[in-house]
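Q: I would like to learn how to read a structure like this one. Please show me the sequence and the model, and then take me through the features in turn.

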Amino acid sequence: MSERIHDHEADTSIGTVRTLLAEHCPQWADLEPQQLLTSGTDNAMWRLTPASGPGLVVRLPRTEGAAASLTKELGLLPALNGRLPVSVPTIAYAGPSSDAFPHPWAVVEWLDGSDCWSARDEIAGRQGIELAEDLAAAVTALRDVRDVDVPNRVPGMRGGPLLPLLEDLEGWLTEERWSAGALVDVAAVRRSAAESAESAAAEEVPDRFVHGDLIPGNVLVNHGRLSALIDWGGAGIGDAALDLTPAWAILDRHARETFREATGATDAAWLRGRAFALQQAVGGVLYYVPRRHVLGEVMTRTLARILDDA
């Protein structure tokens, strides 16, 4: 079994990978899978290195929800190819569910670069500013994507109306099972949420295409510059402020100002973006820190930056 993260997961072990390749992709069945341990939590990932041609990554969804996201992503990726200033994954094979594995799965081509959590110590100074500029260009381009088949972000989802999301956040802070008081500064989180709530009615929010999950593990850099965006399972139509998340999840204070200026975010949009990032960070801390998963560290840093910015 690959490293278990959630309570109920499919078997994503190397044995499953080998069985799936033998049954569906015999051209790769002799390759030795190497597990990729990242800050991602939806898919177990195994790298394949053919003697010629591009490297590959086998993606096995851990849960039913992750499988649904992957299915949506596989339908979207061909429509995004060549439409953004950065690379997106290229599908090499889309695998069906079977007796060997209960979920749809996929093989995608390897993308060179490091995710922004692995490269976090390198994203500083001038490189941080350049990355902020690159991210702003990508986020701006995302807003202009049209004619893609993705769902709307509905109330209760990040990128949907803000107030229902903040009510959800309050539930996390008060429900005993989350033990929020032991893991986060509840009063500071509430102050930040209250400030953002005032922005909910401050301006009309047009619907735009959004990636929906621009956290460090989904943003790849190569030599300090943005090279690819991955994990498109959360893409949809909603508030473009959702894609301002990198301001706190990836960038330091100095680079954050560059990003804000380059995206042209209004004061209200900036506060909504911060609230979306706040809700995700708090949820990530409460869920992943007790499980001792690296995503808990990612979200702890993000939450600290948000509260410091408030």
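A: Start with overall size. The radius of gyration is taken over C-alpha atoms, and the globule rule is 2.2 Å times the number of residues to the power 0.38. With 310 residues, a compact globule would have a radius near 19 Å, and the chain has 19 Å, so the two agree. Along the principal axes, the C-alpha atoms fill a box of roughly 55 × 45 × 35 Å.

Q: What should I know about the model itself?

A: This is a predicted model, in which local features need pLDDT of at least 70 and side-chain atom pairs count only at pLDDT 80 or more, while totals for chains, interfaces and linings use all residues. Residues are numbered from 1 along each chain as its sequence is written, and side-chain values use heavy atoms, with hydrogens and water left out.

Q: How many helices and strands does the chain have?

A: Helices (H or I, at least four residues) and strands (E, at least two) are DSSP runs, numbered from the N terminus. Here there are 10 helices and 10 strands.

Q: What percentage of the residues count as buried?

A: Buried means under 20% relative accessible area, exposed means over 50%, and partly exposed is in between (1.4 Å probe, protein chains only). In this chain, 53% of the 310 residues count as buried. Surface area is found by the Shrake-Rupley method with a 1.4 Å probe; for residues, only the protein chains shown count as cover. The chain exposes about 13700 Å², and carbon and sulfur atoms supply 48% of that.

Q: How do I read contacts along the sequence?

A: Contact means heavy atoms within 4.5 Å. Take the contacts between residues at least 6 apart in sequence: 70% of them join residues at least 24 apart.

Q: Which residues have the most contacts inside the largest nonpolar core?

A: A nonpolar core is a set of buried Ala, Val, Leu, Ile, Met, Phe, Trp, Tyr and Cys residues joined through side-chain atoms within 4.5 Å. The largest one has 73 residues, and those with the most contacts inside it are L131, V184, F209, W232, I250, F259 and V282. Helix α9 (residues 267–288) gives the largest share of this core, 11 residues. A second, separate core has 16 residues, including A44, W46, L48 and V58.

Q: Which residues does V184 touch?

A: Setting aside neighbours within four places in sequence, V184 is in contact with L173, V189, V285, L286 and L303.

Q: Is V17 buried or exposed?

A: V17 has 1% relative accessibility, so V17 counts as buried. This residue is in helix α1 (residues 14–24). Beyond its neighbours within four places in sequence, V17 is in contact with P33, W46, V58 and L60. V17 and P104 are 87 residues apart in sequence, and their C-alpha atoms are 13 Å apart in space.

Q: Where does N43 lie, and is N43 buried or exposed?

A: N43 lies in strand β2 (residues 43–48). Its relative accessibility is 11%, so N43 counts as buried. Apart from neighbours within four places in sequence, N43 is in contact with R59, L60, P61, R62 and L70.

Q: Which loop holds L37?

A: L37 lies in the loop between β1 (34–36) and β2. With a relative accessible area of 62%, L37 is exposed. L37 and E3 are 34 residues apart along the chain, with 8.4 Å between their C-alpha atoms.

Q: Where are D147 and R292?

A: D147 is in the loop between α3 (125–143) and α4 (162–174). Its phi is near 55°, a positive value in a residue other than glycine. D147 counts as exposed because its relative accessibility is 80%. R292 is in the loop between α9 and α10 (294–309). R292 also has a positive phi, of about 55°, although it is not a glycine. At 79% relative accessibility, R292 counts as exposed.

Q: How far apart are the mean positions of the positive and negative charges?

A: Lys and Arg count as positive and Asp and Glu as negative, while His and the chain ends are not counted. The place of a charge is NZ of Lys, CZ of Arg, CG of Asp or CD of Glu. For the 27 positive and 44 negative charges of the chain, the mean positions are 3 Å apart.
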